[in-house]
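Colleague: Hi! Could you walk me through this model while I have it open on my screen?
Modeller: Happy to, here it comes.

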Amino acid sequence: MNPTYLKTEIVRTFRSTRFVLFAVAFPVLMFLLQANVFSSASVDISGVIMVNMMAFGTFSAAMTSGSKLAIERSTGWQRQLRLTPLTGTGYLGGKALSAMLVALPSLLVVPLVGVLVQGVHLDAAGWLRLVLGVWLGAIPLVLLGLLLGQFGTPDSMQPVNMIVMMGMGFLGGLWIPIDGMPSWMADIAQVMPTYWLIQLVRPVVTDHLTVSLPAALGVLAAWTVVLGALVIRRYRKDSARV
């Protein structure tokens, strides 16, 4: 993978005011708002909300890769790149890795606010599991963004991303507890990768454990394999048309 290409991808992303606001500032603001609404509750609730907003910020960053890919497809830039030594794997890998790296600010800023403003405290092992868990658990979401970007257009990607993020965030338990959902909706929620991402790290901040760690890892790994295969298949199909 070309380091220059990766650096260019990251710089382009952070130059977008929309990205900085939605993937970094918005999760922080929503964390503070919800934490203040439930200020009479325990610090445990603040920790849960913090985890949810870390996941949402990471999800927002993950979906940026698809938007950029859709733009490059529509302008013909993707076709030009296929004529260079950059391989398809390198191109898609660069997009995926840049999305993972630009997710780091929300992973760091939200918990920093949690510590300084809301008094959330974890030991070193807890913080490590939380940050790494959300970061690595977001890999299927990055691949989902890449897949959508190979079907969408520059005009359609913004509403599509919004619908997907809000829908999967809602069903994943980022906005309301799964326990408060109707049974049929809770069943759908347990298919979502966002649900398993939250279940992977939530035990760090609460004793309420609903699934086992191996189960969460297994489902997220399965989503990664399926989405990764679909991304590569779609890219090769587009390449065959050149």
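This is a predicted model: local features need pLDDT of at least 70, side-chain atom pairs count only at pLDDT 80 or more; totals for chains, interfaces and linings use all residues.

Colleague: Let's start with valine 51. Which helix does valine 51 lie in?
Modeller: Valine 51 lies in helix α3. Helices here are DSSP runs (H or I, at least four residues), as strands are (E, at least two), numbered from the N terminus. Residues are numbered from 1 along each chain as its sequence is written, and side-chain values use heavy atoms, with hydrogens and water left out.

Colleague: Good to know. Is valine 51 buried or exposed?
Modeller: Valine 51 has 0% relative accessibility, so it counts as buried. Buried means under 20% relative accessible area, exposed means over 50%, and partly exposed is in between (1.4 Å probe, protein chains only).

Colleague: What does valine 51 touch?
Modeller: Not counting residues up to four places away in sequence, valine 51 touches Leu130, Ile198, Val201 and Val205. Contact means heavy atoms within 4.5 Å.

Colleague: And how far is valine 51 from threonine 89?
Modeller: They are 32 Å apart in space, C-alpha to C-alpha, and 38 residues apart in sequence.

Colleague: You mentioned Leu130. What is leucine 130 in contact with?
Modeller: Leaving aside neighbours within four places in sequence, leucine 130 contacts Met50, Val51, Met54, Leu122, Val201 and Val204.

Colleague: Which residues touch the most other members of the largest nonpolar core?
Modeller: Phe31, Met50 and Leu130 do, in a core of 66 residues. A nonpolar core is a set of buried Ala, Val, Leu, Ile, Met, Phe, Trp, Tyr and Cys residues joined through side-chain atoms within 4.5 Å.

Colleague: Which helix gives this core its largest share?
Modeller: Helix α3 (residues 43–75), with 13 residues.

Colleague: Switching to serine 106, where is it found?
Modeller: Serine 106 is in helix α6. With a relative accessible area of 1%, serine 106 is buried. Beyond four places in sequence, serine 106 touches Ala23, Val24, Met54, Gly57, Thr58 and Pro111.

Colleague: And leucine 116, buried or exposed?
Modeller: Leucine 116 is exposed, at 66% relative accessibility. Its place is also in helix α6, which spans residues 104–116.

Colleague: How do α6 and helix α7 cross?
Modeller: Their axes come within 10 Å and cross at roughly 145°, with α7 covering residues 124–137. The axes are lines fitted to C-alpha atoms, for helices over the stretch in contact, and angles run from 0 to 180 degrees between N-to-C directions. The crossing is right-handed. A crossing is right-handed if the near helix is turned clockwise from the far one by less than a right angle, and left-handed if anticlockwise.

Colleague: Which residues meet there?
Modeller: From α6, Leu104, Leu107, Pro111 and Val115 meet Trp127, Val131, Val134 and Trp135 of α7. By class, that contact has 8 nonpolar, no polar and no charged residues. Ala, Val, Leu, Ile, Met, Phe, Trp, Tyr, Cys and Pro count as nonpolar, Asp, Glu, Lys and Arg as charged, and the others, Gly among them, as polar.

Colleague: What about α8 and α12, at what angle do they pack?
Modeller: Helix α8 (residues 139–149) and helix α12 (residues 213–239) pack at about 20°, with axes 9 Å apart. They are therefore roughly parallel to each other. Angles under 35 degrees count as roughly parallel, over 145 as roughly antiparallel, 65 to 115 as roughly perpendicular and the rest as oblique. The crossing of α8 and α12 is left-handed.

Colleague: Last one: is threonine 194 buried or exposed?
Modeller: Threonine 194 is buried, at a relative accessible area of 2%. Threonine 194 is in helix α11 (residues 193–201). Leaving aside neighbours within four places, threonine 194 contacts Phe59, Leu141, Met168 and Gly172. The C-alpha atoms of threonine 194 and methionine 168 are separated by 6.4 Å.
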